[in-house]
Amino acid sequence: MKVYIDGKFCDEKSAKVSVFDHGLLYGDGVFEGIRAYHGRVFKLKEHIDRLFCSAKAILLRIPMSHEALCEATLEACRRNKIRDGYIRLLVTRGAGTLGLDPNRCPKASVIIIVATIQLYPKELYERGMGIVTVPTTRNLINAINPAIKSLNYLNNILAKIEAHNAGVEEAIMLNSEGFVAECTGDNIFMVKGNQLLTPPLYAGALYGITRATVMDLAREAGFQVMETNLTRYDLFNADECFLTGTGAEVVPVVKIDGRVIGAGKPGPATRMLVEKYHALTQVSGAPIYAK
Ligand code: PXG
């Protein structure tokens, strides 16, 4: 695979960053995880928009325009002859000194890695997954706001380890007030009657692009979609629950902390959204190759 680093493509073996890069030293940077389907990059503009918002929040100047970054992403797919895949785009503060001061990092680095994607097993979508709430809480919004997709994911990684220790793939993270924030790399939703509910951003959720897409699809299908604080009690008593994310798409959840959710199998609203989301990925996105 060819990796884009600061305007050049190099072989993955020689794709290296400096040990003085503040992305490595301090997790000082931002990133995006993007998918390509059928020769198109899904929601490319939305991902680049969010990258710029994350960068703005940490006072990181991305040394490229929005358009140039979209084009570099498409070119990275072309160089790797990708039609379906996963794109990891990151902007680090760049190489500096061993001290914290970001002013000693003259130029941010832009890296684009294109890869194939490791999907959850198909049966997980058919049977649904079990998840648990973990002890590691979400970062405070007045610390590193979780809306920033920063390179510092240790909070989420700890929660992921705790999920694995409990024998499941994903973890529900609560915020410091005890409300549901989201999972380690996915947003969370519950269905109750005709309502589709998900935690608001101020609860410590990421402004998920899959989240926004699924909310639109649900509204079109006649659901009342609301962002509201949720407790574990609300989730336990939901008709249906599912997770959304670029990698996972829409994944049904059938068990939370040992409580069976709804009928214990993926429900009709979830199945409808899995299908509608999948259908949308097949027909929309920024074309990688000229027609
Ligand atoms: N919450 C968090 C904390 C995320 O990192 C999502 C929700 C879903 O957002 P999108 O925009 O993708 O719908 C994410 C993004 C992984 C992995 O390897 C997943 C994400 C990021 C980094 C790695 O599973 N998901």
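A polar contact is taken here as a pair of N or O atoms within 3.5 Å; within protein, one atom must be able to donate a hydrogen and the other to accept it, and residues adjacent in sequence count only if both atoms are side-chain atoms. The model is a predicted one, in which local features need pLDDT of at least 70 and side-chain atom pairs count only at pLDDT 80 or more, while totals for chains, interfaces and linings use all residues. Residues are numbered from 1 along each chain as its sequence is written, and side-chain values use heavy atoms, with hydrogens and water left out.

The T133 side chain makes polar contacts with two side chains, that of D257 at 2.6 Å and that of R232 at 3.3 Å.

Turning to the ligand, 18 residues surround it, the closest being Y153, E182, I209, T210 and T246 (a residue is near a molecule if one of its heavy atoms lies within 4 Å of it). Because domain 1 (2-115) and domain 2 (122-281) both give residues to this shell, the ligand lies between them; the domain bounds come from an automatic or database domain assignment. Helix α6 (209-220) and strand β13 (240-245) each supply at least two residues of the shell.

An N or O atom in the T246 side chain is 2.5 Å from a ligand oxygen, and one in the R50 side chain is 2.8 Å from a ligand oxygen. For I209, a backbone N or O atom lies 2.7 Å from an oxygen atom of the ligand.

How values were computed: Helix = DSSP H or I, 4+ residues; strand = E, 2+ residues; numbered from the N terminus.
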